[in-house]
Amino acid sequence: MDNELLLKNVGNTIRGLRLSNGLTQEKLSEKIHCDKNTIGNIERGETDLRLTTLNQIAEGLNVSCQKILKESETLQSDLFPASINYDYLRLFQYCHKLTPEQFNIICNAAHLYVKANK
């Protein structure tokens, strides 16, 4: 794996783990005493992070450095489970704000969309 791809995969893994923990970049940066922009740069694969920084991020996410690196090796960028879980959580929280009628309309529209795109 080339260095550019490695940095992007590590960044995507960190982003997915951060989102699955329900943390914003700002909250993670506060938790580990790191600049929010640095977190963003790392997540986009724009910076070559130091091992000590990776360790701080891992501790802030309650995982090991090894977990981040292992998930980065097998990352499928389009289907990162943590990001998908976070999207479901956001959808669930949004749906709680809907009336039963609004929720029914959305479910029917989703069903028609799936049916039409099989």
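Predicted model: local features only at pLDDT ≥ 70, side-chain atom pairs only at ≥ 80, totals over all residues.
1. Start with the charges. The structure has four salt bridges, and Arg15, Arg18 and Glu43 are tied together in a network of them. Glu43 pairs with Arg15 at 3.5 Å, N to O; that joins distant parts of the chain, with Glu43 in helix H3 (residues 36-43) and Arg15 in helix H1, 28 residues apart.

2. Arg18 also meets Glu43, at 2.5 Å, N to O. Here again H1 is linked to H3, across 25 residues.

3. Arg15 is partly exposed, at 24%.

4. Another salt bridge is a local one: Glu71 and Lys67, with their closest N and O atoms 2.7 Å apart. Both residues sit in helix H5 (residues 65-73), four residues or about one turn apart. Glu71 is partly exposed at 21%, and so is Lys67 at 35%.

5. On to the largest pocket, which holds about 150 Å³ of space. Its lining has seven nonpolar, one polar and two charged residues; among them are Asn3, Leu6, Asp48, Arg50 and Leu69. H1 gives the most, with four residues, while H1 and helix H4 (51-60) each supply at least two.

6. Finally, the surface. Met1, Leu5 and Leu6 make up a nonpolar patch with about 280 Å² of accessible area together. Leu5 belongs to H1 (residues 3-20) and is partly exposed, at 41% relative accessible area.

Definitions and conventions: Residues numbered from 1 in each chain as written. Heavy atoms only, no water. Patch = residues over 30% accessible without salt bridge, like charges linked within 9 Å, V, L, I, M, F, W, Y side chains within 5 Å. Areas by Shrake-Rupley, 256 points an atom, 1.4 Å probe, with all protein chains shown as cover. Salt bridge = Lys/Arg side-chain N within 4 Å of Asp/Glu carboxyl O. Buried < 20%, exposed > 50% of the residue type's maximum accessible area, 1.4 Å probe, protein only. 1 Å grid on protein atoms, 1.4 Å probe; cavity = no way out; pocket = protein on both sides within 12 Å on 5 of 7 lines; lining within 4 Å. Points joined across faces, edges and corners; volume = space filled by probe spheres on them. Nonpolar A, V, L, I, M, F, W, Y, C, P; charged D, E, K, R; others polar.
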